[in-house]
Amino acid sequence: MLNNDYIKQRLAEKFGEQVTNFEEPFNMLTFEAPKEINLKVLQFLFDDETLQFRFLTDLQAVHYPDNTGRELAVVYHLHNLQANVRIRFKVYTDISKPDVFSATALFMSANWMERETYDFFGVNFVGHPNLKRILNVDEMDYFPMRKEFPLEDQTRTDKDDDMFGRGKSY
Amino acid sequence: MSDVIHHKNIRLPEGSIEKTTTTLNLGPTHPATHGVFQNILELDGERILSSESTVGYIHRAFEKLAERRPLYQITPLTDRLNYCSAPINNMGWHLTCEKLLGVQTPKRVDYLRVIIMELARISDHLICNSIVGVDTGAFTGFLYVMQYRELIYEIYEEVCGSRLTTNIGRVGGFERNFTPKAFQLLEKFMAEYPKVLKEFENLFTRNRIFMERLIGAGPISAERALNYGFTGPNLRAAGVDYDVRVHTPYSSYEDFQFDIPVGTTGDCYDRFLVRNQEMWQSLSIIEQAYEKVKAFKGAEAEIYHADVPEYYLPSKGDVYTKMEALIWHFKIVMGEIDIPKGELYFPVEGANGELGYYLISDGGRTPYRLHFRRPCFIYYQAFEEITKGAMLSDAVIVLSSLNLIAGEMDA
């Protein structure tokens with residue numbers, strides 16, 4: 001029976017100290033690995049006969065401007081359809097050099113999801129066959145989902161961050 | 001410019017006169033695409049050599065907007081993803097919020113939601129399948145079933161007041177109880193619709209012309225479909241029995257008996273059959289759910305929302321007469337409720353695949369990050385592969401039978 005403890009144990013056997021930050025929010029195993037080995041981890045999860053995470057449900061990024069050196073998180077949601085187990089896998093990257101290896105060789109579905117992630121966060125997927133903007137116009141010269149681009153008009157005083165319970169951190 | 005030759009007054013890219021293939025723009029506003037997206041096809045005669053899809057014409061930055069909206073203001077954004085089955089998106093969002101907040105909804109709410117979600121699934125499949133008919137030259141079926149989509153929309157209207165972009169329900173349940181008229185309309189639908197669906201199937205399923213147009217058009221193997229991230233009816237048509245309603249039941253789907261229809265070849269015909277079968281299954285689920293709803297007696301039969309004062313608006317009467325209700329009303333409307341910290345991925349079975357909500361909350365009043373897993377954005381990538389070598393007219397029915405919704409693709 002495939003469960004979170006077993007997956008954790010297999011990952012620890014294979015990658016040792018490199019996979020870290022195991023969590024289980026809402027019972028979904030979440031872990032982190034250095035971005036250099038993201039493809040190795042995905043390949044291992046794909047190939048291992050007991051794990052078989054062969055369906056890429058979702059791929060996107062999150063921007064944490066305060067995490068110096070690891071501002072961008074690329075999040076993979078993987079699914080083992082037979083055992084019906086989902087896991088979440090994260091890699092963090094420096095925003096000044098946001099290079100992450102592309103998973104397109106393993107999952108065809110990663111193609112547009114990586115383009116979308118590039119389009120909105122500027123994650124540079126190394127090895128992607130056609131990394132260009134997908135939803136925004138080609139001429140756009142910034143990555144709009146990053147937190148430094150606030151949604152509301154900055155001259156307004158009635159909609160500052162205090163109104164959203166966050167103080168004035170960014 | 002060096003890469004351009006001058007041909008009278010028209011500037012053409014170099015090589016375009018000697019070229020033996022034709023470049024054709026299918027879309028972005030071609031009626032056959034049923035939505036705003038473009039396919040640049042390279043044709044040899046009528047045969048497709050390659051294609052390139054462009055999406056994003058109606059991108060509305062929902063994920064960015066959601067970072068500045070309290071939970072209840074995000075519901076109308078989800079309407080505009082797959083607008084053919086907006087209630088499923090709404091319910092999926094409410095279920096995501098409820099899971100994050102740890103709200104337990106009463107059974108009656110779950111069953112009422114199931115009724116609405118399955119109606120939405122029927123209306124979505126109905127449009128998709130009858131559009132496949134239109135694209136093959138059979139307009140009758142489309143007009144014939146349209147009345148019943150209208151009836152479904154009347155039910156939505158009776159429940160929530162709107163028809164297409166429904167904003168139906170609230171975090172915790174429904175904004176008001178179902179009226180007797182809503183149930184009457186539902187009964188009317190359950191009584192009349194099976195006959196219509198049967199007739200629709202008689203028109204199409206064994207129709208020789210229709211079959212020859214669809215069989216073998218745009219096939220995909222189960223393995224490729226999984227690799228391309230297919231979900232929903234399109235994946236099931238390829239033979240994989242994956243359905244979120246069964247794998248990770250939500251809204252009490254575990255209380256219902258239904259089958260998951262699967263196909264074998266994953267071509268347009270299988271997709272058509274799977275959708276038709278799913279409509280029968282949805283109908284059966286609606287009947288079961290209605291029986292269960294009718295079985296509630298007394299005070300239980302009046303329950304239509306969970307007790308979540310922080311997120312569910314108090315009744316107007318209370319707001320005018322009670323201090324607490326007034327405070328909650330104000331706080332909810334102004335979006336002054338802090339959401340608990342958490343990270344959550346919640347999938348529901350949308351009408352065209354697994355619709356997922358990836359929500360990260362940092363304890364503020366709005367999501368820190370919200371991502372929609374939009375099924376047709378992901379599986380539309382396969383269009384190039386499955387239409388390679390096909391005829392141009394096949395590409396059109398592949399587009400409609402994949403059930404591509406521009407609103408969902410472009411977020």
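Start by selecting B:Arg224, which counts as partly exposed at 30% relative accessibility in this predicted model.

While you are looking at salt bridges, select B:Glu118, B:Arg121, B:Arg236, B:Asp243, B:Arg245, B:Glu278 and B:Glu349: salt bridges with shared partners join them into one network. Over all chains, the structure holds 33 salt bridges.

Next, go to B:Arg369 and B:Glu63. Are they buried or exposed? B:Arg369 counts as buried, at 2% relative accessibility, and B:Glu63 is buried with a relative accessible area of 8%. Their side chains form a salt bridge too, at 3.1 Å from N to O. It links distant parts of the chain, with B:Arg369 in strand 8 of chain B and B:Glu63 in helix 1 (residues 62-66) of chain B, 306 residues apart.

Stay with strand 8 (residues 369-373) of chain B, where 5 of its 5 residues are buried. On one side you will find B:Arg369, B:His371 and B:Arg373, and on the other B:Leu370 and B:Phe372. Show strand 7 (residues 353-361) of chain B as well: it pairs with strand 8 in the antiparallel sense over 5 bridges. Look for B:Gly356, which stands opposite B:Arg373.

Now move to helix 16 (residues 392-401) of chain B, another mostly covered element, with 9 of its 10 residues buried. Among the buried ones are B:Leu392, B:Val396 and B:Leu399. After the helix comes B:Asn403, whose phi is positive, near 60 degrees.

Time to bring both chains into view. Here, 48 residues of chain B are in contact with 52 residues of chain A. About 4400 Å² is buried between them, and carbon and sulfur atoms give 56% of that area. On the chain B side, select B:Lys64, B:Arg68 and B:Tyr368, which lose the most area to chain A, together 19% of what that side buries.

How many salt bridges are there between chain B and chain A? The count is 6. For one between A:Lys132 and B:Glu52, zoom in on the closest N and O atoms, 3.0 Å apart.

Finish inside chain A with A:Arg133 and A:Asp119, joined by a salt bridge of 2.7 Å, N to O. Both A:Arg133 and A:Asp119 are buried.

How values were computed: Residues are numbered from 1 along each chain as its sequence is written. Chains are lettered from A and ligands numbered from 1 in the order in which they are written. This is a predicted model: local features need pLDDT of at least 70, side-chain atom pairs count only at pLDDT 80 or more; totals for chains, interfaces and linings use all residues. Side-chain values use heavy atoms; hydrogens and water are left out. Contact means heavy atoms within 4.5 Å. Buried area is the accessible area (1.4 Å probe) that two parts lose on being put together, summed over both. A salt bridge is a side-chain nitrogen of Lys or Arg within 4 Å of a carboxyl oxygen of Asp or Glu. Buried means under 20% relative accessible area, exposed over 50%, partly exposed in between (1.4 Å probe, protein chains only). Helices (H or I, at least four residues) and strands (E, at least two) are DSSP runs, numbered from the N terminus. Two strands pair if DSSP finds at least two bridges between them.
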